[in-house]
Amino acid sequence: MAVSLRHYRFIKQQYISQVRHLSCGGESGDLTGLVLGVYNEDADLHGQERTFTKTFTEFDQKLEGKLAELLRLSGPVPKRGETRIFYGLDPKFNAIVVVGMGDECQGFCEREQMDEWKEGIRMGAGYGVRALQKLHSRNVFVESFGHAESAAEGAALGVWLFQELKNSSKQKFIPRLELFEDCDYTGWQIGLQKAAAQNLSRQLCETPANLLTPISFAQSAVEILSKAGVNVEVKVRNWSKIMQMEAFLAAARGSCEPPIFLETSYYGCEPDVAPIILVGKGVTFDSGGLCLKDCGDMKHMRGDMAGAAVVVGVCRAVSALQLPINIRGLLPLYENLPGTCAMKPGDIIRAKNGKSILVENTDFDGRISLTDALSYSVQFNPKFVVDIGTLCPEMQELMGAAACGAFSNNDELYEMMRIASIHTGDRVWRMPLWKHYKEKVTLHPTADVRDEYRSAGAPCTCAAFLREFVPPVDWIHLETYGVNLSDGYTWSYLRKGMSGRPTRTVVEFLAQLACKHDTVERAAEKAP
C-alpha cells in the first residue's frame with residue numbers, strides 16, 4: 001500500500017500543477033470533478049463500519065475498492081461538511097471529493113421545523129462543489145444523495161457569487177453542474193430552477209444602488225422575465241398619479257430618480273381564473289429620508305428591494321416550471337432620499353383606498369409605499385395576496401437569520417407556507433395579528449392610520465398597519481429583514497452576502513398550491 005500512496009501523491013502533484021497552470025493564464029482544459037458522500041461521522045469512535053451512499057458504493061466497486069481504502073487511510077470519517085479530495089483514481093474524473101453528510105438517520109425534526117435530511121444534502125452538495133470550484137474544475141458531477149432536487153439546490157447555490165463588477169482575470173470560475181448516475185433528472189432540473197431563482201434575487205440585491213436604480217431595475221426585470229414568457233408592464237409617475245397612489249408617490253418624493261410601478265403577469269391556466277398577487281417592497285436604496293439613518297445602518301440598504309427581487313425570481317421560476325396558476329406581481333420601485341421635496345414627519349397623506357396616513361417617521365417609507373400596491377390588488381379579484389419585504393429591523397433582533405416572520409389572516413394559508421418552508425429549509429414562523437396591534441396604529445385623533453414611531457412589538461404593529469390596506473381576501477405578509485443577509489456559516493451553502501431568501505420557499509408554496517389544485521381538478525373529472 002505504501003507504493004500505491006506514493007503513486008497517488010505523484011498524481012496529486014501533477015493535478016495541482018495543472019490547476020496552477022490554468023489559473024496563471026494557461027489554456028483552458030476540461031478538468032472534471034465528482035462529488036460523493038459518506039455518513040456516520042462517529043463511526044470510528046464507536047467501532048462501527050462507515051456507511052457510504054449508494055452511489056459511492058457502486059462507484060467504488062468499479063474502482064475495486066480503491067476509493068474506500070484511500071478514504072480509510074486519510075483519517076477519521078469527514079464530519080458533516082468536511083471534504084476529502086482524491087486524485088487520479090478514474091480516467092473520467094481528475095478529482096473526486098468525498099463530503100461528510102453527518103448522521104444517516106435524519107428526517108423531519110418537529111422541534112427544528114425543518115427536514116434535516118434534505119438540508120444535510122444541500123449542505124453536502126454545496127461544500128463538495130465549492131471544493132472543486134477552488135480547483136478550477138470546469139465540469140462537476142454531483143450524486144443525488146437520495147434526493148436530486150435538494151442536491152441541485154445546494155450545488156447551484158454553493159457555487160454562485162456576485163462578481164460581475166470584478167476584473168475578469170480575478171473572477172472565480174462557475175463550473176457546469178451535472179447529475180451523476182441517477183434517473184431523477186426531473187428533480188435535478190426543478191432544483192436548478194429554484195436555485196437559479198434565488199441566485200437571481202441575490203444578484204439583484206447585490207447590485208449597487210448607483211447601478212440598480214428604479215429605472216434600471218425595471219429594465220432588468222423586462223429583459224429577464226420577457227425571455228421567460230412573463231408579461232411585464234412598466235408604469236411611470238403620471239400613471240401612479242392617475243391611479244391616486246399618493247402614498248407611493250410621497251415615499252418617492254425625495255429622489256430625483258422617478259419612481260416606477262412594475263407589474264408582472266404570468267398565465268399558467270385560463271385567464272379568468274383568479275390570480276395570486278405577489279407584492280414586493282422595491283426600495284432600491286433607503287437612506288431613511290429626512291429621518292436619516294446612521295452610516296452603518298445604510299451599509300446594506302442596496303438590498304432593501306429584496307422583496308421585489310424575490311418576486312422577480314419567483315415569477316421566472318414559476319414560468320420555467322410551468323405551474324398551472326395565474327400570478328400577478330406588483331412592485332413599487334423608488335429611492336428614499338432626503339431631497340428638498342421629501343415627505344416630512346407629521347405629514348398626512350391619503351392612500352389609494354381613501355384612508356389617511358400620519359407619517360411619524362420617514363424611515364417607515366416601505367410600509368407606506370406598499371399600502372397603495374395592496375389597495376391596487378383588489379381590481380384583479382385575487383385568490384389571495386402575499387406581500388414580501390424588509391420592513392422592520394426589530395425582526396432581525398427577534399429571530400436573527402433563523403426564519404422570516406409570517407403574518408396571516410388565514411390559518412390554512414400560513415400552514416401551506418410553513419410546510420413549504422420545512423421542505424426548503426428556509427423557515428417561516430408565525431407572528432400574531434391581535435386587535436391590540438390594530439388599535440396601536442388606528443386609534444389616533446387626526447388620521448385613520450399612523451406608522452407608529454418607536455413602537456413596542458414593531459413587526460406586529462407594522463403588519464397591523466399593512467392589514468388596513470389589504471382587500472377583503474386571504475393575505476400573508478412575510479417580514480424578511482432578518483433573513484436578508486447570509487453570514488456564510490448558518491446556511492453554509494450560501495456565501496456571505498445577500499441571501500435571496502425566501503425565494504425557494506415561495507416557489508415551493510406555489511408549486512404545492514398548484515399540485516393541490518391539479519389534484520382537485522382531476523378528482524372532479526373522474527367523479528360520476
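Author: The conversation below goes through this predicted model one topic after another.

Reader: Thank you. To begin, how many helices and strands are there?

Author: The protein has 16 helices and 22 strands. Of its 528 residues, 57% are buried.

Reader: And what share of the contacts join residues at least 24 apart in sequence?

Author: Among contacts between residues at least 6 apart in sequence, that share is 76%.

Reader: What about the nonpolar core? Which residues have the most contacts inside the largest one?

Author: They are Phe217, Leu478, Phe509 and Leu510, in a core of 54 residues. Helix 10, residues 306-321, supplies the largest share of this core, with 10 residues. There is also a second, separate core of 44 residues, and Val283, Ile368, Met395 and Val470 are among its members.

Reader: Let me follow up on Leu478. Which residues does Leu478 touch, apart from its neighbours within four places in sequence?

Author: Leu478 is in contact with several residues, including Val386, Asp387, Ile388 and Gly389. Others on the list include Cys404, Met417, Val428, Pro502 and Val506.

Reader: Now strand 20, please. Why can strand 20 be called largely enclosed by the rest of the structure?

Author: Strand 20 covers residues 474-479, and five of its six residues are buried, so the rest of the structure largely encloses it.

Reader: Which way does strand 16 run beside strand 20, parallel or antiparallel?

Author: Strand 16, residues 384-389, pairs with strand 20 in the parallel sense, over six bridges. In that pairing, Asp387 has His477 of strand 20 as its bridge partner. Strand 17, residues 404-408, runs antiparallel to strand 20 and is joined to it by four bridges. There, Ser408 is partnered by Ile476 of strand 20.

Reader: What holds paired strands together in general?

Author: Strands of a sheet pair through backbone hydrogen bonds, either parallel or antiparallel.

Reader: Which strands form the open sheet with mixed pairing?

Author: Three strands form it, in the order 14-15-19. Strand 14 (348-350) and strand 19 (449-450) are at the edges; each has a single partner strand, so one side of each has no neighbour in the sheet. Strand 14 runs antiparallel to strand 15, residues 356-358, and three bridges join the two. One of the pairs is Arg350 with Ser356 of strand 15.

Reader: What is found at the two ends of helix 4?

Author: At the start, a side-chain oxygen of Asp115 comes to within 3.2 Å of the backbone nitrogen of Trp117. After the helix comes His136, which has a positive phi, near 65°.

Reader: Which category does Tyr127 fall into?

Author: Tyr127 lies in helix 4 and counts as partly exposed, because its relative accessibility is 30%. Setting aside neighbours within four places in sequence, Tyr127 is in contact with Gly81, Thr83, Val99 and Ser492. Val99 is 28 residues away from Tyr127 along the chain, yet their C-alpha atoms are separated by 7.3 Å.

Reader: One last topic: how many disulfides does the structure hold?

Author: The structure holds zero disulfides. The sulfur of Cys462 has its closest cysteine sulfur in Cys392, 4.0 Å away, which is too far for a bond.

Reader: Are Cys462 and Cys183 buried or exposed?

Author: Cys462 is buried, with a relative accessible area of 0%, whereas Cys183 is exposed, at 80%.

How values were computed. Residues numbered from 1 in each chain as written. Predicted model: local features only at pLDDT ≥ 70, side-chain atom pairs only at ≥ 80, totals over all residues. Heavy atoms only, no water. Core = buried A, V, L, I, M, F, W, Y, C linked by side-chain atoms within 4.5 Å. Buried < 20%, exposed > 50% of the residue type's maximum accessible area, 1.4 Å probe, protein only. Contact = heavy atoms within 4.5 Å. Polar contact = N/O pair within 3.5 Å; in protein donor to acceptor, adjacent residues only side chain to side chain. Disulfide = S-S within 2.5 Å. Pairing = 2+ DSSP bridges.
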